[in-house]
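Here is a friendly walk through one chain, from its overall build down to single residues. Have your viewer ready.

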Amino acid sequence: MALETFNPSIRPSPGGSRSPEVNLITSGFGDGYSLDMPNGLNHIRAVVSLKWDALTEAQIQELRQFFEDQGGYKAFWYQPHSYAAPLKWTCKEWSDDGTAPFSFSAKLRQSFTLEV
């Protein structure tokens, strides 16, 4: 089954953030010495936080429905601003404030699944 593409009708508001999530194995030795090494081939994962401000109720529902449909585990394609190409992502953290004018936020984590 082909992955869905996240293409919301409204672009995220400026001010989102992106950061790496680094997965290392650390071995501790005596006298405070330690050795770090990558845990797997894809040990650096991109994490992007997106926010939408001043949304209508219909726009909030569109965003909420997409993330609920993915269930927090299904990967999807998305190209954040300043990325050269779409990447695969999952999202298990999203929220909205529930009062007008609505705002919505989501935290996307890069996915390394084999699905395309």
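The report below covers the model, its dimensions, its strands and its core.

## About the model

This is a predicted model, in which local features need pLDDT of at least 70 and side-chain atom pairs count only at pLDDT 80 or more, while totals for chains, interfaces and linings use all residues. Residues are numbered from 1 along each chain as its sequence is written, and side-chain values use heavy atoms, with hydrogens and water left out.

## Overall build

Read from the N terminus, the order is β-β-β-β-β-α-β-β-β.

The radius of gyration is 17 Å, whereas a compact globule of 116 residues would come near 13 Å. That radius is taken over C-alpha atoms, and the globule rule is 2.2 Å times the number of residues to the power 0.38. Along the principal axes, the C-alpha atoms fill a box of roughly 60 × 35 × 25 Å.

The accessible surface is about 7,600 Å², with 54% of it belonging to carbon and sulfur atoms; the areas come from the Shrake-Rupley method with a 1.4 Å probe, and for residues only the protein chains shown count as cover. Buried residues make up 29% of the 116, where buried means under 20% relative accessible area, exposed over 50% and partly exposed in between (1.4 Å probe, protein chains only).

An open sheet of six strands runs in the order 1-6-7-8-5-2, with mixed pairing. Strand 1 (4–5) and strand 2 (17–22) are at the edges with a single partner strand each, so one side of each has no neighbour in the sheet. Two strands count as paired if DSSP finds at least two bridges between them.

Strand 6 (residues 76–78) and strand 7 (residues 87–96) run antiparallel, joined by three bridges. Here Phe 76 has Trp 89 as its bridge partner, and Tyr 78 has Leu 87. Strand 7 is also joined to strand 8 by seven bridges, again antiparallel, with Ser 95 partnered by Ser 105. Five residues separate the strands of this hairpin, and Gly 98 takes a positive phi near 80°.

## A separate look at strands 3 and 4

Strand 3 (residues 24–28) pairs with strand 4 (residues 34–38) in the antiparallel sense over five bridges. Ser 27 has Leu 35 as its bridge partner. The two strands form a hairpin with five residues between them, and Asp 31 in the turn has a positive phi of about 60°.

## Helix and core

Helix 1 (residues 57–70) lies across strands 1, 5, 6, 7 and 8, at about 25° to strand 8. Axes are lines fitted to C-alpha atoms, for helices over the stretch in contact, and angles run from 0 to 180 degrees between N-to-C directions.

The largest nonpolar core has 19 residues, and those touching the most other members are Phe 6, Trp 52, Phe 67, Phe 76, Trp 89, Phe 104 and Leu 108. Strand 5 gives the most to this core, with five residues. A nonpolar core is a set of buried Ala, Val, Leu, Ile, Met, Phe, Trp, Tyr and Cys residues joined through side-chain atoms within 4.5 Å.

Beyond its neighbours within four places in sequence, Phe 67 is in contact with residues including Phe 6, Phe 76, Trp 94 and Phe 104; contact means heavy atoms within 4.5 Å.

Definitions and conventions:
Helix = DSSP H or I, 4+ residues; strand = E, 2+ residues; numbered from the N terminus.
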